[in-house]
Amino acid sequence: MDAIEPFIIRNYLLYFLLPVWVVVGALDWWCHRRAGIERFGPHEPMLHLVLISLAGAPILLGLFLEINAPILLAMILCFLAHETVGYLDIRWATHHRGILPFEQRVHDYLAAVPFAALSLVIVLHWRELALLATQPLDALTQPIRFRTPPLPAGIVIGILALVFIGNVLPFLEEFARALRHRARAAG
């Protein structure tokens with residue numbers, strides 16, 4: 001059997017998994033808007049901004065830096081933190097507002113897609129993971145370097161625009177909506 005070329009995995013990450021993740025994130029925002037989560041205060045929308053930050057950090061690392069052992073470890077730690085905050089978010093929402101079945105299914109993908117993406121990054125950088133496991137001190141002293149060659153500017157700008165328009169702006173709007181609702185309720 002022929003080996004899969006690394007550029008195929010990279011393209012799958014950039015042109016399929018990442019856009020799917022953005023679309024699923026936008027669907028999650030839509031579910032929150034329909035559920036009127038602003039009525040329950042800014043706690044949950046703030047968790048959503050934390051989740052976006054934890055998801056965005058590995059994306060930025062992968063777009064701009066060579067993925068070596070320290071960068072891979074940072075990506076893994078962001079994933080684990082994202083999963084932890086995601087659990088806290090779902091736990092809070094379940095107890096305070098309830099989550100409808102469609103939103104529950106959306107959350108399944110919000111967990112599955114980053115796991116798939118991280119798994120593929122690990123496949124591409126298996127040696128770095130092995131180095132982390134067998135020689136962690138050596139692994140963590142590797143220098144942090146910008147990608148050489150860098151990804152084409154059009155790809156980077158397109159990805160950043162997609163994430164900003166599809167996820168960052170809607171979830172900032174959600175947080176602002178919650179703050180406005182709280183201010184109206186208090187005044």
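Me: Leaving aside neighbours within four places in sequence, which residues is P45 in contact with?
Reply: This is a predicted model. P45 has its place in helix α2, residues 43–64. Set aside its neighbours within four places in sequence, and the contacts of P45 are I37, E174, F175 and A178.

Me: Is P45 buried or exposed?
Reply: The cut-off for buried is under 20% relative accessible area. P45 has a relative accessible area of 0%, so P45 is buried.

Me: How many Å separate the C-alpha atoms of P45 and H32?
Reply: P45 sits in helix α2. Along the chain, P45 and H32 are 13 residues apart. Between their C-alpha atoms the separation is 9.1 Å.

Me: How far apart are the C-alpha atoms of E103 and A35?
Reply: Along the chain, E103 and A35 are 68 residues apart.

Me: Which residues is H107 in contact with, leaving aside neighbours within four places in sequence?
Reply: H107 is placed in helix α4. With a relative accessible area of 11%, H107 is buried. Leaving aside neighbours within four places in sequence, the contacts of H107 are D28, H32, I90 and I99.

Me: Are α3 and α4 roughly parallel or roughly antiparallel?
Reply: The angle between α3 and α4 is about 170°, and their axes are 11 Å apart. Angles over 145 degrees count as roughly antiparallel. That makes α3 and α4 roughly antiparallel.

Me: Which residues in α4 meet α3?
Reply: From the α3 side come L72, M75, I76, F79, H82, E83 and I90. Their partners in α4 are H107, L110, A111, P114, F115, L118, V121 and I122.

Me: What is the arrangement of α3 and α5?
Reply: Helix α3 covers residues 69–96, and helix α5 covers residues 126–134. They pack at an angle of about 85°, with axes 9 Å apart. Angles of 65 to 115 degrees count as roughly perpendicular. Therefore α3 and α5 are roughly perpendicular to each other.

Me: Which residues of α5 make the contact with α3?
Reply: The angle between α3 and α5 is about 85°. On the α3 side, the contact is made by A69, L72, L73 and I76. On the α5 side, it is made by E128, L129 and L132.

Me: Does R33 count as buried, partly exposed or exposed?
Reply: R33 is found in helix α1, residues 6–35. Buried means under 20% relative accessible area, and exposed means over 50%. R33 has 40% relative accessibility, so R33 counts as partly exposed.

Me: How many Å separate the C-alpha atoms of R33 and A178?
Reply: R33 touches E173 and R177, not counting residues up to four places away in sequence. R33 and A178 are 145 residues apart along the chain. Their C-alpha atoms are separated by 10 Å.

Me: Which residues is L17 in contact with, leaving aside neighbours within four places in sequence?
Reply: L17 is found in helix α1. L17 has a relative accessible area of 6%, so L17 is buried. With neighbours within four places in sequence left aside, the contacts of L17 are Y12, V113, A116, A117 and L120.

Me: Which residues does the cis peptide bond join?
Reply: Look at the loop between α6 (136–140) and α7 (153–186), where P149 lies. Omega of this cis peptide bond is about -10°. The residues joined are T148 and P149.

Me: What percentage of the residues of the protein count as buried?
Reply: The cut-off for buried is under 20% relative accessible area. The protein has 187 residues, and the buried share is 41%.

Key: Residues are numbered from 1 along each chain as its sequence is written. This is a predicted model: local features need pLDDT of at least 70, side-chain atom pairs count only at pLDDT 80 or more; totals for chains, interfaces and linings use all residues. Side-chain values use heavy atoms; hydrogens and water are left out. Buried means under 20% relative accessible area, exposed over 50%, partly exposed in between (1.4 Å probe, protein chains only). Axes are lines fitted to C-alpha atoms, for helices over the stretch in contact, and angles run from 0 to 180 degrees between N-to-C directions. Helices (H or I, at least four residues) and strands (E, at least two) are DSSP runs, numbered from the N terminus. Angles under 35 degrees count as roughly parallel, over 145 as roughly antiparallel, 65 to 115 as roughly perpendicular and the rest as oblique. Contact means heavy atoms within 4.5 Å.
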